[in-house]
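Take a look at the chain below. Keep it in view as you read.

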Amino acid sequence: MMILKRSAAAAAVALALTLSLPTAAQAAAPPVTPAAAAVPQVLPIGVAVSALPLATEDRTGYQRTSFRHWNGGEIPADGCNTRAEVLLAEAVVYPEIGPGCTLTGGVWWSYYDEREVAPAGALDIDHMVPLAEAWDSGAAAWTPARREAYANDQGQPASLVAVTARSNRSKADQDPAEWLPPSAAALCRYGAEWTATKLRWGLAVDEAERDRLLDIAAGCGGTDVEFTPAP
């Protein structure tokens, strides 16, 4: 599930990758060559953070209903919505699936606070970059269909993560300058996954957010960020 790759970084290609990253404005429209955009990219965390476009955030006009979720998920025929599909994908102990995709039993691991969690109803599905933060950072310019794709994104595992309801509600719509996971062991993974989500969707960062991410990167040598630009 983790997108952190603690291996030798692809430093030789970092500059070329950085130059190819989408800006927040470019992310408002579908890419010209979707096939090329589907290629995973890997950057050292410090390079990845530095590649994020810098912009002033603006929440004007935001409504949670601007992001339709949870929809029918990746497999509409399975009868499970996005939330249930994420729970199934992240289960440590797989639950039983009943009528209407009711999940019984099962165990999950909430990495934000390093807790084993059961039952499924005790978990929230966290948008790694909250919907309001995405709006502030570029999603206000997207079409409703693109915002729905963002809100239900299972194309990159870190975009949606099952965590304790308590940790998710403590985070709310805050960025890393305002909130970080309570577990110190989660810090490098969280910083990398936040960065990966913003790079995937071409979202910007504000100055305080970028500075906090750079602080995290400074203490996470050897951590890579892997992301695939969204179609």
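What follows is a walk through a helix, some salt bridges and a pocket. The model is predicted.

Start with helix α4, residues 82-90. This helix is mostly covered, with 7 of its 9 residues buried. Among the buried ones are Thr82, Ala84 and Glu85. What lies over them? The cover of the buried α4 residues includes strands β2, β3, β4, β6 and β7. Now look at the start of α4. There, a side-chain oxygen of Asn81 comes within 3.2 Å of the backbone nitrogen of Arg83.

Next come the charged pairs. Side chains of opposite charge can pair when their charged atoms come close. The whole structure holds 11 salt bridges. One of them joins Glu57 to Lys198, with the closest N and O atoms 4.0 Å apart. Glu57 sits in the loop between α3 and α4, while Lys198 is in helix α8, so the pair links parts of the chain 141 residues apart. Glu57 is partly exposed, at 22% relative accessibility. Lys198 is buried, at 0%.

Lys198 also meets Glu209 in a salt bridge, at 2.8 Å from N to O. Glu209 belongs to helix α9. Shared partners join Glu57, Glu133, Lys198 and Glu209 into one network.

Finish at the second largest pocket, with about 210 Å³ of space. Its lining has 13 residues, and those closest to the centre are Arg64, Asp126, Pro130, Asn168 and Ala172. Strand β6 gives the most to this lining, with 3 residues. By class, the lining has 7 nonpolar, 2 polar and 4 charged residues.

Key:
Residues are numbered from 1 along each chain as its sequence is written. This is a predicted model: local features need pLDDT of at least 70, side-chain atom pairs count only at pLDDT 80 or more; totals for chains, interfaces and linings use all residues. Side-chain values use heavy atoms; hydrogens and water are left out. On a 1 Å grid over the protein atoms alone, a cavity is a set of points where a 1.4 Å probe fits but cannot get out, and a pocket is an open set with protein on both sides within 12 Å along at least five of seven lines; lining residues have an atom within 4 Å of a point. Grid points are joined across faces, edges and corners, and a volume is the space filled by probe spheres set on the points. Helices (H or I, at least four residues) and strands (E, at least two) are DSSP runs, numbered from the N terminus. Ala, Val, Leu, Ile, Met, Phe, Trp, Tyr, Cys and Pro count as nonpolar, Asp, Glu, Lys and Arg as charged, and the others, Gly among them, as polar. Buried means under 20% relative accessible area, exposed over 50%, partly exposed in between (1.4 Å probe, protein chains only). Contact means heavy atoms within 4.5 Å. A polar contact is a pair of N or O atoms within 3.5 Å; within protein, one must be able to donate a hydrogen and the other to accept it, and residues adjacent in sequence count only if both atoms are side-chain atoms. A salt bridge is a side-chain nitrogen of Lys or Arg within 4 Å of a carboxyl oxygen of Asp or Glu.
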